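Dear colleague,

I am passing this structure on to you, and below it you will find some notes on what came out of it. Please read them with the sequence and the coordinates open beside you.

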Amino acid sequence: MTTAVLPRENYLNTDYRLRSWLLTTDHKRICILYLLTITMFFAIGGAFATMIRLSLVNPAGTLVSDETYNKLFTMHGIIMVFFFLVPSIPATLGNFLIPMMIGAKDVAFPKLNLASWYIFVTGGCFTLWALISGGVDTGWTFYTPFSTLSSNTNVSLAAIGIFIAGFASILTGLNFMVTIHRMRAPGMTWFRMPLFLWSMYATSLIMVLGTPVLAITLLLVAAERVLHLGIFDPSRGGDPVLFQHLFWFYSHPAVYIMIVPGMGVTSELIAAFSRKRIFGYEFVAFASLAIAVLGFLVWGHHLFVAGLSIYSAMVFSLLSYLVAIPSAIKVFNWTATLYKGSVSYATPMLYAFGFIWMFTIGGLTGLFLAALGLDVHVHDTYFVIAHFHYIMVGGAIMGYLGGLHYWWPKMTGRLYPEGWAKLGALTIFLGFNLTFFPQFILGYMGMPRRYHVYPPEFQALNVLSSAGASVLGIGYLIPLVYLLWSLKYGPIAGDNPWGAKGLEWTTTSPPPTHNFAVTPIVTEPAYNYAGEQEESRVG
Amino acid sequence: MTSQAAVAPPRALQHHFDSLEQQRDVATLGMWIFLVTEALFFGGLFTAYLVYRSMYPHAFAVASEHTLIALGAANTAILITSSLTMALAVHAAQEGNQKSIIRFLVFTFLLGTAFLVLKGVEYTVDMRDHLLPGANFAIAGANPGHAEIFFSLYFIMTGLHAIHMIVGLSLLVVIMYMTSKGRFSKEYHAPVEVMGLYWHFVDIIWIFLFPLLYLIDRHK
């Protein structure tokens, strides 16, 4: 047992001036910049959610006006999707870990990486401006012709904000892809990479291929409003359904931008806390790519009631079912990894279990929605809301928090308090399920989304859901408090507090600016927990 | 093989790379991926074009006849020539011939500017002929709403292409400056090559735009 001390020089203490942060090209500092920014957006999006749940306690919908309620759910969706979930794991953990995991000094384009953050902040400012100067009421999906002809709110401004932030996403994806292709340390072959990197590669692929289509689509919406064009105006021959096709061509894959990184984190956590190589490593790696590719072929399942021909609906339904295969491969392989593993229940592992549980529920209910008949019944109901919150909150945020806890000692050099962390994880898990499970039932009973006045028989379940939301809100505050506390008072972590495998644990915590004293040479596969004895045998 | 690279790291090498070769690989791959995103960016517009052209073939054919084919054809020739001069600039960079790089980049720059000037003239005539979508839009022989969609797409597609040309011209100035400062050599000239990739891509977009927008039903 050695007494751990913080390394004398690390990326956090090289320079304390504000300038050194705002002009940094260090991927680790850029991770911190993103971490602060998206935490702020999460708080704003969360405040809107709080208002929504408060309003829904009462079936008469008297807390806010109809117009305000429309703006609340719209801004909640826009902020959470485009300014929290899409950048969440990639821009923070991805930025921090990709160069470290492959043994590089930085990402391929460090200046571009910083530029991405500035672009993201600029887009965020536009959207916040749209919000402060009156808000948007179209729903986060901007469906035409409402968004182009009817809405009197700041649609153009919000669309331009998302357009700009989209380029941050594109450039981050580009940067990561080139980094993974060209910056790997000697011996770090593709199949020696930690699975987190495979998932980041798949995510980057979606960002690079999907986001430009969203960009041009939102540009068309803004142009149509400002210049009074008729591209999506049915009265002049335009086709509003074309908007839906173009929008979902990005926005369905975007769901996988949010969930695939969480899968990558889960793979790391399961391996580290069961002391085993992930069962069927290659299958899990390729499953990430398969989800990325299939994700581009299923957008039509959002249009089942929008007048899609029955044959294309059948094809889209079938293709949507196919996504279940790589998803199931991951879930089965994670559980198979636990078998005969030396499993410990540290906080990150609790989040990993939470991820698997909620992703499974969210994924299976996705199959309900891909079914042509059932989708007509539950389309635009709370069933859909519950489904995608199980994926995007239950899945993506559990992955994000699990990863944040696991790599927190590496990022800050200090450990968080384990007891409080376990309490936080448990509170979030219970609060989340209490919030969203009743919504499955509400949706199946027929409560539509985006309404704040509803029949009184739905009140009991809505109150249950709002009660859950307050538990969930407290759950999110607990980590916020103790993580900040740990920055000053947390025990010194040492280089590798978990005894985990992976290049990021071979350097100091926090790491020096260029990550490694000497470029590492990789000689073993990822998660080589069983390899120690074998290695000594081989000599 | 008598380079000084073995002694000290070359000046152009950035801190996080091991070699100039890696730096060049990274730049090239980065630009290729960027061009893929550009293809998808324009891809959304091409999709919209295809959908509406198949919905309103007659209006699109009539509207297309109102485009100025002479200017469009001249611009096509200008852009193809500029791709040639760009390719020659890259070749000069590979040969390490500084003067030729600058000369060909200047040619490319002039051709690109000529394209934009002609495009500006064309837009002016289009507006005079009431082809700009909006309150003043008027066209004979076709459903005005459908023809207006054609011209909305025409202005957005050629407009975004022109913005890409302006970005390209600015980048050309940067590359000329870097060349004049002696940043490139036979061993390292990745920025010139990457510039070339971008320029050719913007040309290719036009190669698709020209027939789709100007040449529908011109065979009569």
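Is Leu205(A) buried or exposed? Leu205(A) is buried, because 25 other C-beta atoms lie within 10 Å (buried means 20 or more other C-beta atoms within 10 Å of the residue's own, exposed 12 or fewer, and partly exposed in between, with C-beta atoms placed from the backbone).

Please bear in mind that this is a predicted model, in which local features need pLDDT of at least 70 and side-chain atom pairs count only at pLDDT 80 or more, while totals for chains, interfaces and linings use all residues. Residues are numbered from 1 along each chain as its sequence is written, and chains are lettered from A and ligands numbered from 1 in the order in which they are written.

Leu205(A) sits in helix α8 of chain A, residues 195-227 (helices are DSSP runs of H or I with at least four residues, numbered from the N terminus). Leaving aside residues up to four places away in sequence, Leu205(A) touches Met177(A) and Ala292(A), where contact means C-beta atoms, placed from the backbone, within 7 Å. Its C-alpha atom is 8.6 Å from that of Leu289(A), 84 residues apart along the chain.

Turning to the contact between the chains, 29 residues of chain B are in contact with 31 residues of chain A. On the chain B side, α1 (20-55) and α5 (144-180) are the elements that give two or more residues, and α1(B) provides the largest share, 17 residues.

With kind regards

Notes:
Contact = placed C-beta atoms within 7 Å.
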